[in-house]
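This report describes a protein model, its helices and its sheet. The sequence and structure come first, and the description follows.

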Amino acid sequence: EQARGFLVRLYQEGLTFRLPPGLDRVKVPVLLLAGQKELGSMHQSIRDEVAAIPGAEGYLAPGLGHTWNLQAPELFTRTVRAWIEDKPLPAELLPLR
């Protein structure tokens with residue numbers, strides 16, 4: 001029962017989530033990632049955030065779902081390492097359109 005209540009609250013939060021004000025003032029590099037097989041609402045959320053945050057970048061991990069960092073830890077590690085070292089991201093990532 002407790003798990004069910006948690007899932008209901010989580011779903012409700014997802015339905016009512018709105019981007020917070022002030023994202024247009026973010027001055028740090030922002031990388032937004034999701035699995036290609038993630039829900040379309042997640043892809044849209046990333047698009048919205050990329051549009052709201054100056055210089056933000058959004059990509060999809062090809063063929064992977066919500067837990068893509070666990071499904072492809074090597075790709076995840078290469079992605080994070082490239083981002084923090086200011087190097088090109090792995091070529092297999094798909095730019096979010």
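Thr-79 is found in helix α4. Helices here are DSSP runs of H or I with at least four residues, strands are runs of E with at least two, and both are numbered from the N terminus. The model is predicted: local features need pLDDT of at least 70, side-chain atom pairs count only at pLDDT 80 or more, and totals for chains, interfaces and linings use all residues. Residues are numbered from 1 along each chain as its sequence is written, and side-chain values use heavy atoms, with hydrogens and water left out.

Thr-79 has 0% relative accessibility and therefore counts as buried. Buried means under 20% relative accessible area, exposed means over 50%, and partly exposed lies in between (1.4 Å probe, protein chains only). Leaving aside residues up to four places away in sequence, Thr-79 touches Leu-31, Leu-33, Trp-68, Leu-89, Pro-90 and Leu-93. Contact means heavy atoms within 4.5 Å.

## Helix α4

Helix α4 covers residues 73–84, 12 residues in total, and spans 16 Å from its first C-alpha to its last, close to the 16 Å expected at 1.5 Å a residue. The expected span is 1.5 Å times one less than the number of residues.

Leu-75, Thr-79 and Ala-82 are buried in α4. They cover an arc of only 70° around the axis, which puts them on the same side of α4; the arc is that of the directions from the helix axis to the C-beta atoms. An α-helix has 3.6 residues a turn, so residues three or four places apart point the same way. The buried residues of α4 pack against β1, β2 and α3 (68–71). Just after α4, Asp-86 takes a positive phi of about 55°.

## The sheet

Three strands form an open sheet in the order β1-β2-β3, with mixed pairing. Its edge strands are β1 and β3 (94–95), each of which pairs on one side only. Two strands pair if DSSP finds at least two bridges between them.

Strand β1 (residues 31–35) and strand β2 (residues 57–61) pair in the parallel sense over five bridges. Leu-32 has Gly-58 in β2 as its bridge partner, and Gly-35 has Ala-61. Four of the five residues of β1 are buried, so β1 is largely enclosed by the rest of the structure. In β2, too, four of the five residues are buried, so β2 is largely enclosed by the rest of the structure. β2 and β3 pair in the antiparallel sense over two bridges, and Leu-60 stands opposite Leu-94 in β3.

## Helix α2

Helix α2 packs on the sheet, touching β1 and β2, and its direction makes about 170° with that of β1. Axes are lines fitted to C-alpha atoms, for helices over the stretch in contact, and angles run from 0 to 180 degrees between N-to-C directions. β1, α2 (residues 40–52) and β2 make a right-handed β-α-β unit. Right-handed means that, with the strands pointing away from the viewer, the path from the first strand over the helix to the second runs clockwise.

Ser-41 lies in α2. Ser-41 is exposed, with a relative accessible area of 54%.
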